[in-house]
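Please consult the sequence and the structure while reading.

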Amino acid sequence: MPDRVSGTPGGLRPLRLRAMMTQEELAFKSGVGIRTIRDIESGRVRPQPRTLRLLIEALALDGRDLALLTASPGRTAVVPRELPRALARFAGREAHLDAILNAAGEGAAVVAVHGMPGVGKTSLVVQAAHTLAPSYPDGQLFIDLHGFTSGAGPRPGPASMLTRLLHRLGADERDLPEEIDELTARYRSAVADRRVLLVLDNAANAGQVEALLPGTPGSLVLATSRRDLSTLTGAYSVPLEPPPMREAVAMLGAGVDRITDDEAAAIAERCGRLPLAMGLAAARLRSRPLWQAEDLLARLDHEDRLLSELDMGHYGVGAALRASYLELDPDHQRLLRRLGLLPGDDLDAHAAGALSGVAEQQAAAMLESLVDVHLVETRSPGRYRLHDLVRLFAIRLAKLEEPEDELDGALLRLLGVYRHFAYQAAARVHPNKRRFTEGAAAHDAGLPGFADQAAALSWFQSERGNLEAAVAAAAHAGRDEQAWDLAAAFNAFFVHDPDIRPHATVNGIALDIARRTGDGRKEAFTLGDAGRRLLATGRHREAIVCLERSVALKRDLGEFGDAALTLANIGILHRRCGRFAESLAAHETALAQAEAAADTAAAALIGTNMVVPLLRLGRFEEAERRLEEAERRLDAGDDHYRIRIEVFRGVLVRERGAPAEAAAVHAACLEAYRGERVKADIAATLIELAEDLLRLGRVAEATAHLDRAVRHALKLADPSLERAARNGLGRALATAGRPEAAIGEHERAVTLAEFHEDAYELARAHHGIAEAHRRRGDQSALRRHLALAARGYADCGVPEAAVAERLDLVAPG
């Protein structure tokens with residue numbers, strides 16, 4: 001209810017005339033604007049205390065005259081108190097509320113809160129306004145600017161809003177001018193000497209707010225919009241996003257008191273943590289006293305029904321989003337609808353252009369426009385996503401407003417963009433693998449490629465989840481060719497991916513397509529990819545079945561180069577089981593097949609990988625010769641394998657008695673890997689560098705490198721690397737005088753080696769445990785584990801067998 005106060009004076013004109021002053025002369029003498037003097041004399045506004053003081057001094061009034069000046073002519077002015085009711089139990093948004101209050105306390109004239117529909121902008125601003133109201137005794141006004149509304153009819157113009165504001169400030173509408181400039185001047189005069197709090201809610205843009213800003217300091221404007229209002233001069237901007245889960249749970253707890261925090265978190269997750277949606281869900285639960293949280297969650301669990309469950313006619317999530325949608329032009333509306341087709345979580349401008357059928361630059365500009373109205377989110381430059389509820393809204397619109405064949409065409413264009421970039425990246429990362437270089441040429445869509453391997457890997461890390469989702473979406477849509485092609489390209493990044501679990505999913509889809517369509521070529525390559533994945537996870541028995549079947553199919557198809565590569569993977573399997581002679585034999589057969597097929601790229605890879613069993617067997621001269629051959633065969637741009645060759649050269653240098661030189665080589669290799677994500681080659685290089693440092697007596701540095709290698713192996717879920725790293729770490733700890741900690745690392749390696757049938761690392765683990773017991777003085781345990789180590793080394797045929805036999809059996813001291 002507005003306060004009514006006396007004091008729109010009617011006595012100024014006779015007092016001025018008695019003093020024989022014109023309005024201009026009084027304005028000059030008092031320092032009060034002539035427009036203000038005219039408005040006071042006409043009774044349109046009442047003077048504020050400062051204005052009264054200036055007029056009294058200029059007219060030299062006594063007590064009787066002062067009474068005449070301040071006497072009421074029979075009208076009353078109102079002090080508006082128009083703020084909506086604040087939430088009884090406001091929860092969350094503490095940081096944002098503090099930011100608004102602090103900005104106001106520091107003298108901000110405008111605070112602009114912007115965010116997506118339903119994010120709680122109005123609730124936050126109203127809460128802040130109630131807190132600030134005592135500081136603005138001349139009134140608190142609330143104006144809905146109807147910037148985004150689903151209702152019919154034009155948006156109120158600035159003249160309408162100015163008239164409304166002047167009326168609420170006590171002006172007589174019959175005396176107001178019609179010209180917008182005059183209205184603006186009258187409005188700014190009316191608030192010039194007042195402290196008014198003005199809430200401008202739901203602004204369409206910064207211009208709508210700018211037209212209503214006071215012209216003098218002292219008042220405060222709190223504005224909300226779905227559009228960023230940062231362009232307002234001097235405005236303090238408060239971007240508002242869905243709250244973090246902790247605040248979302250507090251908001252739901254304030255709205256309904258019979259749910260647990262876990263239940264509130266589940267409801268918040270279904271609602272995308274959007275305050276409007278959570279408020280509607282809480283209201284639904286309050287209105288159904290017999291419902292439990294699980295009853296509500298069951299209704300919110302279906303994406304097709306979720307928006308309907310969060311809808312209350314004109315007040316609901318769908319209605320709020322539709323108001324923003326209707327403000328878009330047809331091109332932006334189409335883009336928003338098509339974004340709902342996105343299989344993954346986010347996209348770039350190339351993908352958006354494919355969906356909407358426009359060029360990349362135009363798509364980028366359109367995406368930024370949708371960001372401006374908070375229908376699209378951006379978390380990093382060039383990457384865009386939809387809030388979960390906006391995505392459901394876009395999907396619903398697409399189904400209602402677009403023909404099915406156009407939506408299918410949009411999805412097909414998107415898959416084409418993904419296929420183009422996936423094969424361009426795979427060919428850059430594996431320039432020596434014909435299946436990827438040929439795929440890049442076959443699926444070239446005329447879009448850019450990648451300058452180097454680092455750029456290709458960076459692209460994959462950005463698009464990894466989207467590619468996985470695209471494979472599933474293509475298969476679901478019956479686009480088997482696109483799905484299989486994407487899956488094959490996806491698996492090209494297997495060795496560079498710290499998380500190999502998605503590769504199992506993608507590989508399973510590809511294998512199903514190959515077998516369902518009876519395509520032997522697809523099955524051959526997919527089985528090869530499956531075998532590599534199973535090999536990396538230590539599932540050796542399953543891996544060899546896939547690899548051997550893949551080799552047979554590739555040979556039948558005449559794919560002798562790829563058959564040789566797959567056979568080399570069987571060699572890697574033997575090596576990881578400690579069967580080094582069998583590993584070498586498999587590599588030699590594979591190398592001969594690659595050379596017979598004139599596949600120099602495959603020969604380079606196989607020649608590089610066969611160095612490992614040669615080093616284990618102590619055949620250093622042959623290992624060096626194979627490295628030289630492999631390097632000559634490498635493509636110029638294959639940085640990945642070139643660094644691996646240098647790592648192996650470092651091992652040769654160390655084994656020939658120059659650990660310091662080896663450490664320099666391995667440190668340089670690590671530097672070459674700088675900037676790449678955690679991957680197997682980094683962990684393997686850390687292990688080799690640590691061995692160099694141990695031989696140099698730099699135990700602390702070696703321990704740190706091995707600890708890091710263990711962490712990398714765990715992230716990669718690579719048991720082969722983990723057992724090697726733990727054995728190395730155990731040796732370092734024992735050398736550092738920590739035998740108990742050393743035994744713990746070696747025992748973990750024993751468990752891994754036994755499970756994965758790795759005879760060599762099992763022998764190393766027992767050797768390390770024996771050394772730790774030697775340092776502890778436990779000769780019985782020393783002899784027991786040393787015997788196990790010697791037997792294991794002998795079975796592997798490695799030189800360490802002789803070393804184990806010569807180990808000093810006398811305990812120190």
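Helices here are DSSP runs of type H or I with at least four residues, numbered from the N terminus. The model is a predicted one.

Helix 28, spanning residues 560–576, contains aspartate 562. Although buried, aspartate 562 forms no salt bridge. Its nearest side chain of opposite charge belongs to arginine 434, at 4.2 Å. A salt bridge requires a side-chain nitrogen of Lys or Arg within 4 Å of a carboxyl oxygen of Asp or Glu. When neighbours within four places in sequence are set aside, the contacts of aspartate 562 are Arg434, Arg435, Phe525 and Lys554.

Aspartate 408 lies in helix 21, which covers residues 404–429. Is aspartate 408 buried, partly exposed or exposed? Partly exposed is the class that applies, because the relative accessible area of aspartate 408 is 38%, and this class runs between the limits of 20% and 50%. Between the C-alpha atoms of aspartate 408 and leucine 355 the distance is 9.9 Å, with 53 residues separating the two in sequence.

**The second largest pocket**

Helix 13 gives the largest share, eight residues. The composition of the lining is tabulated below.

| Class of lining residue | Count |
|---|---|
| Nonpolar | 26 residues |
| Polar | twelve residues |

Key. Residues numbered from 1 in each chain as written. Predicted model: local features only at pLDDT ≥ 70, side-chain atom pairs only at ≥ 80, totals over all residues. Heavy atoms only, no water. Helix = DSSP H or I, 4+ residues; strand = E, 2+ residues; numbered from the N terminus. Buried < 20%, exposed > 50% of the residue type's maximum accessible area, 1.4 Å probe, protein only. Lys, Arg positive; Asp, Glu negative; His and termini not counted. Contact = heavy atoms within 4.5 Å. Nonpolar A, V, L, I, M, F, W, Y, C, P; charged D, E, K, R; others polar.
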